[in-house]
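Okay, thanks for making time, everyone. Let me put the model up and walk you through a few bits of it.

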Amino acid sequence: MCRCFVDAFLTHKQNLEEAGDKDSLYHDENLVYSVINLFAAGTDTTANTLQWCLLFMAKYPQFQDQVQEELSRVIGSRQVRVEDRKNLPYTDAIIHETQRLANIVPMAVLHRTSRDSTFQGYFIKERTIVLPLLTSVLHDESEWETPNTFNPSHFLDKEGKFTRRDAFMPFSAGRRMCPGESLARMELFLFFTSLLQRFRFTPAPGVTEDELDLNPVVGFILTPSPHELCAVSRQ
Ligand code: HEM
């Protein structure tokens, strides 16, 4: 019975041991570090993106109106399910646009070439550190109509249907891209819709929408600067 990552790891370890493999990488230390990595890479990233979602909603009430209209029309008061996403194109576009503009992992993760390589005519020596700059794609002026402005239309066609964009890559690309993408997308969708279903997000009393500052706190991850928002019950 394989319930989770730890079960899969231990089963594989046992199979290798039974087959006489004594040098396997499936040992306890690697198990512990892999689990730590999953928690470290999987918690702050999604929580931060959700904070950006709420900040954008408080700053742009006209977009929040449209999300809440769509949620009321399609879902009503029942609990949202993952399968509802296809019927909530506007809400999906808002989450995508948040990830695009917030650009929370701007330099992805450091990589190092394992052999001499040539990429687009450039020679890259073995063991060179490479930083894939996700900002250059997520804010690319040749890809996005308004690269530096929050604009859910980036992900909607003329009929209001959700549309994918090749330049949307907050989870990076290639063989080492984020393995948590589908979990993160599911979490973002369920938490964001459940919150917006129940609450209206506004700036704190005495603060205007214009005063909400979208400049991030710069670090390995770009987080919103500390804000106080009000969550006003809609029920
Ligand atoms: C909004 C949420 C998330 C974003 C924006 C995000 C983004 C990224 C990015 C850009 C990378 C670097 C990929 C590269 O090296 O080119 C990465 C790596 C990684 N992510 Fe995520 N991530 C998110 C959520 C998660 C979750 C929920 C998990 C797991 C539960 C996770 C686990 C990992 C791991 C283990 C790596 C390292 C992969 C490797 O080096 O092979 N991430 N993520």
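So, with which handedness does α3 pass α4? It's a left-handed crossing, α3 over α4, and left-handed here is when the near helix is turned anticlockwise from the far one by less than a right angle, right-handed when clockwise. The contact uses Phe63, Gln66, Val67, Glu70 and Leu71 from α3, and Tyr90, Thr91 and Ile94 from α4; contact is C-beta atoms, placed from the backbone, within 7 Å.

Before I go on: this is a predicted model, where local features need pLDDT of at least 70 and side-chain atom pairs count only at pLDDT 80 or more, while totals for chains, interfaces and linings use all residues. Residues are numbered from 1 along each chain as its sequence is written.

Now, the ligand. There are 22 residues around the ligand, and Ala41, Gly42, Ser172, Cys178 and Gly180 come nearest; near is a backbone-placed C-beta atom within 6 Å. Two elements, α2 (28–59) and α6 (181–198), each give two or more residues to that shell. α2 gives the most, with 7 residues.

Stepping back, the protein has 6 helices and 8 strands, and those are DSSP runs numbered from the N terminus: H or I of at least four residues for helices, E of at least two for strands. In sequence order you get α-α-α-α-β-β-β-β-α-α-β-β-β-β. The C-alpha trace spans about 65 × 50 × 35 Å along its principal axes. And of contacts with a separation of 6 or more, 68% join residues 24 or more positions apart.

How values were computed: Contact = placed C-beta atoms within 7 Å.
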